[in-house]
Number of protein chains: 2
Amino acid sequence: MKVRNPRTGIYDYEISPLSFETLQIKANAMRQAQKNWQVIGIEQRIKTIQRWKKALERHLEEITEALTIDTGRKIETESEINLVMAAIDQFCDLAHTYFKPGVQTIFHNNTYHIEEFSEPFELVGIIGTWQFPLQNVFIQVIPALLAGNAVMVKPSEKTPRFIKVIEKTINEILHFNNLIDFVEGGKETGEILCAITDSICYTGSEVNARKVYESSAKHFIPSTLSFAGKGAAIVTETADIEHASSAILWAGVFNAGQSADAIERVYVHRNIHSQFLSRLVGKSNLLTLAYPNINHGEIGPLISEKQATLINEQLADAVKKGAVVVAGAAKCLVQKGGYYCRPTILTNVNHQMKIMKEKTYGPILPVKSFLNEAQALDLANDSISPFTCSVFAGKDSETMKIAHKLKSKTVTINDAYLENRFYGNQKSSNTSLEIKAENIGTDSFKKFLKNKNLIFRK
Amino acid sequence: MKVRNPRTGIYDYEISPLSFETLQIKANAMRQAQKNWQVIGIEQRIKTIQRWKKALERHLEEITEALTIDTGRKIETESEINLVMAAIDQFCDLAHTYFKPGVQTIFHNNTYHIEEFSEPFELVGIIGTWQFPLQNVFIQVIPALLAGNAVMVKPSEKTPRFIKVIEKTINEILHFNNLIDFVEGGKETGEILCAITDSICYTGSEVNARKVYESSAKHFIPSTLSFAGKGAAIVTETADIEHASSAILWAGVFNAGQSADAIERVYVHRNIHSQFLSRLVGKSNLLTLAYPNINHGEIGPLISEKQATLINEQLADAVKKGAVVVAGAAKCLVQKGGYYCRPTILTNVNHQMKIMKEKTYGPILPVKSFLNEAQALDLANDSISPFTCSVFAGKDSETMKIAHKLKSKTVTINDAYLENRFYGNQKSSNTSLEIKAENIGTDSFKKFLKNKNLIFRK
């Protein structure tokens, strides 16, 4: 299976997906290793994870190098690695209290009481995606391991170069023998994971989330799906335009827009529409491509060739239907085989255009004006899938009213696409993260545990 | 669609499943009605549910009559209705505190905090089964409604006669117009529910749970599946034989064994095997068929003809492979078209027999002796699906050691197939219930709610 380099377009790497039989043999060995991992208890598991962190730090240069080739960008690679390191510490801190031994009485009456406790699934499968290849698997792998599971991980086949380095670090850790495995492969390997593990955790696109869900149903195992929606921002008449335009631009173009929760559509009150637009365009024009020098410029290449084609189709469709390009370009550039897309702002857009409804994964911000709150809500909620949303407004009462009416799983108030402060890392202001409550609090452990009940007669 | 009468074998009833289009129109109307139901708040919802309880009480005779024809048995019908009435009160009591307005802060640091609150799904689909047709839908319908959802319910096509009476009671409640609908139909209607609702809650067999899971994956909606396992009991050398034999017999034959969590296999320490068996056989021989008089005798007819055929196949397979029938008979009787199965005890059984591995849904108790704890655990855990288990032993340390090693979701200590004390109803000692923690505590609400997060910058 050949792998494309996003900066050159050359297929300069190759992976060899393992067969069903080989992976099943691995899975059996991993279930054996899991038993001891569960028995050693949470403090030993935390210590082992911390040793892994040290091993990762020892190989930081190699990881950075591989991940930079995988993704074609540098700033985001560094911030992704910083985030992972901070996240490891944060999960370990949480785990000390979360996994305190003990049971919870969940029901009692005169005759009976019921106690509940949690157990790991044994072998968890984690399937990742190419937008933030390291981060999106690690923020699942760490809590899954802390919960006492063995973990089989399949990163995206578009960004597999970092796997070999991670394998090196795993081999340096005593308890990790057969406990954790990063495997190379594409959709077929993902399907195999659904067949041989006890629970599947997927991060990526809605299209693939649907496939993973069907596969986990076929194999009758539970699945946790985290998938991208068409992120929206609402900017009301009372919003701080200076702040809103900066936050939205950032949320639209960071990592070249290749993020599950990037803002991909903006609804602005008509009274401030032109003012907002001119600020957004002005700031957008200051950004440059990280080409030819990877160390200069903010916008790296598009990682997926298929996605570059889709972006061009969405742009052509929008322009054909009347959209006006006020910053950037109506087409991605091809530079020596790599696809680059300048931060692009569109106006005169409507919901007949694909770019307002379908996931873009590119640094494109279509801006539409609205008349009143009701219309803004109708537009934002005109989405098939759950999405993330930001609301910018001057008054708390206004933001809360809108936030509660949004059919969005997460609403951020007067901010967007938050930097990685949730993982306690204040060093880099460039890092970003899909803010999902289930990835930061104790819910991050819950999805890797199953409950068991004991019923006692008094 | 014709419906069989379990006592006569005659197809004396008919249901007319609605088309996809008709159900979709209903679903749209229900989503409209849900909005107001959510807005009126929890106290109004509780009051409305209590009014429904009064309406159900007014029609108690009709409900009992219809459900008795549906299932062919009487004692269990009455206890099922008692349980539902008690459950309504219990859910309402829990709801007062559970739905207190307010949000929960789930994460905070120097810069941000995240608040989480719960929202109903809007339209929930509930699919029921034929073993306890009223109970298994009501213990889902009530919490789903209290959580603020509209609810479309499809009871089993094998036991649909009670639907018409429930419809009458629904029509008597002001707020229930378009909010709750009991629909008639089989598998096709169940599939439609997966296509038109926002979340599916299924109770029934593993075979059908797999189908519902695949269907909910196809339509990309969440599902909660509660399905039957091959319930097991372990009786150690130190157990109270008198108590264990009574509890296990009860858990094996109540409702003619037609229950998700019935005990369907017993493992007894070899030192007490013959003593236990003789007590079990003695008590079993005291039980009689509720035939010809429905008011006398403990064991009613088998509700499903298909299941009667399967039971006979399992019995024939077991006898062919060496099982010995020490009480009851190796074949279900047919009495004027109804299938009746006497409480049947088998010995000399092994795990090559279907009756030790496949769900029976009949009053059959195969008893196998074991040498030591390790062997007992191996036998009990030799099951593909999660199952319920009872452990009988004289010492707490012994029971807990076994309980923790069982791959069973629920373990009951020194008891089995508990009576309905969990719903606070002490009147009838005959009623029973699948004890699942998610059906009695606050988890009963959780599965009908989705979380929403608000992120604030400080």
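Residues are numbered from 1 along each chain as its sequence is written, and chains are lettered from A, with ligands numbered from 1, in the order in which they are written. Because the model is predicted, local features require pLDDT of at least 70 and side-chain atom pairs count only at pLDDT 80 or more, whereas totals for chains, interfaces and linings use all residues; side-chain values rest on heavy atoms, with hydrogens and water left out.

The two chains are related by symmetry. With copies superposed by least squares on the C-alpha atoms of residues with pLDDT of at least 70 in both, chain A can be laid on chain B with an RMSD of 0.0 Å by a turn of 180 degrees and a shift of 0.0 Å along the axis. The two copies are thus related as by a two-fold rotation axis. The same surface serves both copies, in that 100% of the contact residues of chain A recur in chain B.

Contact (heavy atoms within 4.5 Å) involves 55 residues from chain A and 55 residues from chain B. The buried area, which is the accessible area (1.4 Å probe) that two parts lose on being put together, summed over both, is about 4,500 Å² for chain A and chain B, with 60% of it on carbon and sulfur atoms. Zero salt bridges are found across this interface, a salt bridge being a side-chain nitrogen of Lys or Arg within 4 Å of a carboxyl oxygen of Asp or Glu. By contrast, 15 residue pairs, both at pLDDT 80 or more, are in polar contact across the interface, where such a contact is a pair of N or O atoms within 3.5 Å and, within protein, one must be able to donate a hydrogen and the other to accept it, residues adjacent in sequence counting only if both atoms are side-chain atoms.

Helices (H or I, at least four residues) and strands (E, at least two) are DSSP runs numbered from the N terminus. The elements that give two or more residues to the side of chain A that touches chain B include β4 (112-120), α8 (206-218), α13 (396-405) and β19 (449-457), and α8(A) gives the most, with eight residues. Strands pair if DSSP finds at least two bridges between them; β19(A) pairs in the parallel sense with β18 (residues 410-413) of chain B over four bridges, and L454(A) stands opposite V411(B) in β18(B).

Several local backbone features were also identified. The peptide bond from Y291(A) to P292(A) is cis, with omega near 0 degrees, and P292(A) lies in the loop between α10 (273-285) and α11 (305-320) of chain A. The bond from Y291(B) to P292(B) is likewise cis, with omega near 5 degrees. F220(A), in the loop between α8 and β9 of chain A, has a positive phi near 55 degrees.
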